[in-house]
Amino acid sequence: MTERIISIADERYQRLPPHVPAPHEIPAGPPTDRLGRRLHDLRISVTDRCNFRCTYCMPKSVFGADYAFLPQSSLLSFEEIERLVRIFIEHGVEKIRLTGGEPLLRRHVERLIEKLARLQTRQGQPLDITLTTNGSLLARKARALRDAGLQRVTVSLDAIDDAVFRQMNDVDFPVADVLEGIAAAAAAGLAPIKVNMVVKRGVNDAQIVPTARHFRGSGHILRFIEFMDVGASNGWQMDDVLPSAEVIARIHAAFPLRSLEANYQGEVAERWAYQDGQGEIGVISSVTRPFCAGCTRARLSTEGRLYTCLFADRGHDLRALLRSDHDDAQIARAIAHLWLGRDDRYSEIRSAQTAALRKIEMSYIGG
Ligand code: SAM
Ligand code: SF4
Ligand code: SF4
């Protein structure tokens, strides 16, 4: 019986067996994909489970009591993740983001952070390690995460109004507890804290200005994200998207803004500062201003599949290589081969047709 559940949950998405090329087939040095993009960031999903049921991400109608989450034996162990991260570093990765599902639900996730914090980039610098969380367990865990070597944290918060927030997380979780988590993270030194708010027209767009008002002057950076057509559960339509330009216009009318230079080339968020010096905000315009041209991100799912795009429908089964007798050099060549062949640019070619295609869920791969 257990066997059967494992196979159903594991085969929800198509799995491709990676090709392991011979040494002479792979050029030396970090790989560059077919559109000239290097491999710089790795997002690692450490669990597909979550204690929220955000209506746009894990609607209860799909993620109900009988939903088959991945069994423990399917998950990559912390040792397996560390082994892969070492290999990714050789390919040029400098930044790791832990995500989920809700990453703080993974037991002892701080032990994984401890392992990763000991690794260094090719240039001998510490890895840049961060984590995206819904904040529900942050008040309890912030100190341990910081002590383990986590540098920063991004907290998702879709409304500052308690009633709207409870409705959106759909488990009646109070906004005050997330704010307590943010305060604990700041006190533990996980700063600057980024607060991500996904904007869905007609659902929480009335919260844009109140949420901006709340975080103005706090030192935290509020970022507004356009609602995306990830997965197949959230019933996305273009009409649900409130363009970032409109977000900026609404905030500018209440609190005048001026645009800021990017922190670095290829930064995903566009930065804006309050003219009265009360800090900055950001907008991430994944739909109206796609940033595929600078996309240097790979994503590793909880059970070890590599995705070269958030909108992919199939992943490359690195766990199969880890759990067979392949050595690190072979796995490194398999990953290089995948990256060399990458030509993903989904957001640039998005249409009503592509939006209707079957894709991996956000709660599975973590954004
Ligand atoms: N549970 C954690 C959290 O909520 O921060 C981490 C995983 S969650 C999938 C990562 C981020 O993806 C969250 O900020 C969430 O709001 C965002 N997200 C989920 N579905 C989305 C969608 N359809 N469009 C845009 N962002 C989305
Ligand atoms: Fe959970 Fe994050 Fe998805 Fe909300 S957005 S359901 S908190 S994974
Ligand atoms: Fe990167 Fe794919 Fe998003 Fe484009 S659509 S930015 S390639 S993840």
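**Salt bridges, case by case**

Analyst: Let's start with Arg-314 and Asp-313, which form a salt bridge with their closest N and O atoms 3.0 Å apart. This is a predicted model, where local features need pLDDT of at least 70 and side-chain atom pairs count only at pLDDT 80 or more, while totals for chains, interfaces and linings use all residues. Residues are numbered from 1 along each chain as its sequence is written, chains are lettered from A and ligands numbered from 1 in the order in which they are written, and side-chain values use heavy atoms, leaving out hydrogens and water.

User: Why is the pair Arg-314 and Asp-313 called a salt bridge?

Analyst: The term requires a side-chain nitrogen of Lys or Arg within 4 Å of a carboxyl oxygen of Asp or Glu. The closest N and O atoms here are 3.0 Å apart, so the pair qualifies.

User: What makes Arg-271 buried or exposed?

Analyst: Buried means under 20% relative accessible area, exposed over 50%, and partly exposed in between (1.4 Å probe, protein chains only). Arg-271 has 15%, so it is buried. Arg-271 also forms a salt bridge with Glu-280, with the closest N and O atoms 2.9 Å apart.

User: And how do you know which label Arg-34 gets?

Analyst: Its relative accessible area is 59%, so Arg-34 is exposed. Asp-343, its salt-bridge partner, has 41% and therefore counts as partly exposed.

User: How many salt bridges are there by this rule?

Analyst: The count is 23. Asp-33, Arg-37, Arg-342 and Asp-344 are linked in a network of them.
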